[in-house]
Amino acid sequence: MIPPDPELRLQNGRERIWFVKKSADWVRSVPNEVWSARQCTLINALLANRENMPITKEQYLKMIESAQRNSDRRTGSPVMPSQTKIAP
Amino acid sequence: MDIIQQGTTLIIRNRHLSELDLFVCRVLDILTSYTPYVIVSGYVAILFGRTRSTEDVDLLIPVCDESTFLLLHDKFIELGYEFLNAENGHGLYAILASGSGIRLSEKDAFIPNIEIKFTRNESDAYSFKNRIPLIINDRTFWIGPLEMQIAYKLWLGSGKDIEDAIYIREISRNFIDEVLLRDFCSSFGVNYDPS
């Protein structure tokens, strides 16, 4: 498999961040009824399709575990600023 | 977006609630009879209007004894919910106590689900102790402090996390503590302005 072009990935990341900022600008500029109605349409449409997901809950849990293992996310806990330290 | 700030409380009125929001409300109505909680991670961005969905909502609860957890467990089962992990109540408590999460959903519908974890480290403890009430149409959602949410998401570092962090920061720029956010970012070793 040919690895993705690093420059293309960077450009894609920049475009996604640009879109997130534009989206936030729009949400900030309209009344709550407007942005939330659109958000509901999107989320409800995605959830309406959940019964067609061709996996079992056991397969879903395995998929989540695998995704977490292969994720580029950090794990653990970051170093907290000294003035905010609280006993866990 | 119209957000009203009253002290630490944030209020959003006239917001439509999605099926995901209504699911979370139903779970919280039951959960709060047994334990306080704080919502963290991606669902916080969604509450503030981020245009995306999620399969799971992350909740932190303080460590409780097993008997309290079993009461909570039995109530959810009685009301038609299920825990996706294959264990019984004792096994689920053991998972929580080990620092891992358990997943709760409505029976026979594993999406969406809620991942519940005990607060297990300093950052969790901070989020719980400093949780803030977000009132949406007279319903209260306790969410992690936004400065911490933003910095923590930047620290996690995946594309989706960074986008959520930027979104929350853009939306909340009029009411977050910029000095505190800088402190968190500096301590976490992340770029305050990742764009």
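## Helix 3 of chain A

Let's start with helix 3 of chain A, where the number of buried residues among its 14 is 0, so the helix lies largely in the open. Buried here means 20 or more other C-beta atoms within 10 Å of a residue's own, exposed means 12 or fewer, and partly exposed is in between, with C-beta atoms placed from the backbone. Helices are DSSP runs of H or I with at least four residues, strands are runs of E with at least two, and both are numbered from the N terminus. Helix 3 of chain A covers residues 57-70; at 1.5 Å a residue it should span 20 Å, and its end C-alpha atoms are 20 Å apart, which agrees. The expected span is 1.5 Å times one less than the number of residues.

A word on the model: it is predicted, so local features need pLDDT of at least 70 and side-chain atom pairs count only at pLDDT 80 or more, while totals for chains, interfaces and linings use all residues. Residues are numbered from 1 along each chain as its sequence is written, and chains are lettered from A and ligands numbered from 1 in the order in which they are written.

## Where the chains meet

On the chain A side, 41 residues are in contact with 44 residues of chain B; a contact means C-beta atoms, placed from the backbone, within 7 Å. Helix 1 (6-29), helix 2 (32-48) and helix 3 of chain A each supply at least two residues of the side that touches chain B. Helix 2 of chain A gives the most, with 12 residues.

By type, the side of chain A that touches chain B divides into 22 nonpolar, 9 polar and 10 charged residues. In this count Ala, Val, Leu, Ile, Met, Phe, Trp, Tyr, Cys and Pro are nonpolar, Asp, Glu, Lys and Arg are charged, and the others, Gly among them, are polar.

## Chain B as a whole

Chain B has 8 helices and 9 strands. Its radius of gyration is 17 Å, close to the 16 Å that the globule rule gives for 195 residues, so chain B is as compact as a globular protein of that length. That radius is taken over C-alpha atoms, and the rule is 2.2 Å times the number of residues to the power 0.38. Along the principal axes, the C-alpha atoms of chain B fill a box of roughly 45 × 35 × 30 Å.

Buried residues make up 46% of the 195 residues in chain B. Of the contacts in chain B between residues at least 6 apart in sequence, 60% join residues at least 24 apart.

## Strands and hairpins

Strand 1 (residues 3-6) and strand 2 (residues 9-12) of chain B run antiparallel, joined by 4 bridges; strands pair if DSSP finds at least two bridges between them. Here B:Ile4 stands opposite B:Ile11. The two strands form a hairpin with 2 residues between them, and B:Gly7 in the turn has a positive phi of about 65°. Strand 2 of chain B also pairs with strand 8 (residues 132-136) of chain B, in the parallel sense over 3 bridges, with B:Leu10 opposite B:Leu134.

Strand 6 (residues 102-106) of chain B has 4 of its 5 residues buried, so it is largely enclosed by the rest of the structure. Strand 6 runs antiparallel to strand 5 (residues 81-83) of chain B, with 3 bridges, and B:Glu82 has B:Ser105 as its bridge partner. Strand 6 is also antiparallel to strand 7 (residues 109-118) of chain B, through 4 bridges, among them one between B:Arg103 and B:Glu115. The hairpin of strands 6 and 7 of chain B has 2 residues between the strands, and B:Asp108 takes a positive phi near 65°.

## The nonpolar core

The largest nonpolar core holds 64 residues, of which B:Ile39, B:Val44, B:Leu47, B:Leu59, B:Ala151, B:Leu154 and B:Ile168 touch the most other members. Such a core is a set of buried Ala, Val, Leu, Ile, Met, Phe, Trp, Tyr and Cys residues joined through C-beta atoms within 7 Å. Helix 6 (residues 146-156) of chain B gives the largest share of this core, 8 residues.

B:Ala151 is found in helix 6 of chain B and is buried, with 28 other C-beta atoms within 10 Å. Leaving aside neighbours within four places in sequence, its contacts include B:Leu181 and B:Phe184. The C-alpha atoms of B:Ala151 and B:Leu181 are separated by 6.7 Å, although 30 residues lie along the chain from one to the other.

Definitions and conventions
Contact = placed C-beta atoms within 7 Å.
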